[in-house]
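The following exercises concern a predicted model. Each task is followed by a solution in steps.

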Amino acid sequence: MTQTRVLSEAFYTRAQEIIARYPVARSALIMLLHEAQDEIGYVNDDVIREVGRVLHLTPADVEGVATFYTMFKRKHPGKFLISLCTNLSCTINGADETVDALRDAIGPPDEATADGVCSWESVECLATCHWAVAAQVNYLDVPFLTPDRARKLVDGLKAGRELDALLAELRAAKSLSEARGG
Ligand code: FES
């Protein structure tokens, strides 16, 4: 029986090139998940099955890795993905309030808005604790994401403003108290 594929021939060609770099095929798993996610935007059940077949791994083997790392998305993210740090320094500085603001403005975590413009996720330390509450948009740093600034960011993205311009405005604040308008 022919199995339907969601990944392209180019993916399969590239997969063989990547696998050839490693003494053991399964060592290529993370690289292949990146390749697949780059191609279709996320790692769905079809991708998990296909990558497993290429590497002779079970879907459970692949899913275990795909769900361990937050960099792999199990649902299609929005065009703009806001990653909010909810680790210690950021929580102490108010990440919970920013979570509430993002939930109000976008919806539940890991779910894109109906127009596909925005989604948000909670992540571990981004190594920018000096900017707590720290965040990223499409992996570009955003310092001091207070609730007001989160609402401004989402409103701007939904209104079609350029991400670079929004980031430049948000990066102008040099401290949390400045970001809070204090
Ligand atoms: S704890 Fe949030 S960036 Fe480190």
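**Exercise 1.** State which residue just after α2 takes a positive phi, and about what value that phi has.

*Solution.* The residue is Gly41, whose phi is about 100 degrees.

**Exercise 2.** Determine where the buried residues of α2 fall around its axis, and what they pack against.

*Solution.* Step 1: Leu29, Leu32, Leu33, Ala36 and Gln37 of α2 are buried. Step 2: viewed down the axis of α2, these buried residues fall within an arc of 135 degrees, so they line one face of the helix. Step 3: the packing partners of the buried residues are α1 (9-19), α3 (45-55) and α4 (59-68).

**Exercise 3.** Describe the sheet and the helices that lie across its strands.

*Solution.* Step 1: the four strands form an open sheet in the order β2-β1-β3-β4, and the pairing is mixed. Step 2: β2 (118-123) and β4 (140-142) are the edge strands, each pairing on one side only. Step 3: β3 (residues 135-137) pairs with β4 in the antiparallel sense over three bridges, and Val137 stands opposite Leu140 in β4. Step 4: helix α6 (residues 95-105) lies across β1 (80-85) and β2, at about 155 degrees to β1. Helix α7 (residues 147-158) lies across β1, β2 and β3, at about 170 degrees to β1.

Key:
Residues are numbered from 1 along each chain as its sequence is written. This is a predicted model: local features need pLDDT of at least 70, side-chain atom pairs count only at pLDDT 80 or more; totals for chains, interfaces and linings use all residues. Side-chain values use heavy atoms; hydrogens and water are left out. Buried means under 20% relative accessible area, exposed over 50%, partly exposed in between (1.4 Å probe, protein chains only). Helices (H or I, at least four residues) and strands (E, at least two) are DSSP runs, numbered from the N terminus. The arc is that of the directions from the helix axis to the C-beta atoms. Contact means heavy atoms within 4.5 Å. Two strands pair if DSSP finds at least two bridges between them. Axes are lines fitted to C-alpha atoms, for helices over the stretch in contact, and angles run from 0 to 180 degrees between N-to-C directions.
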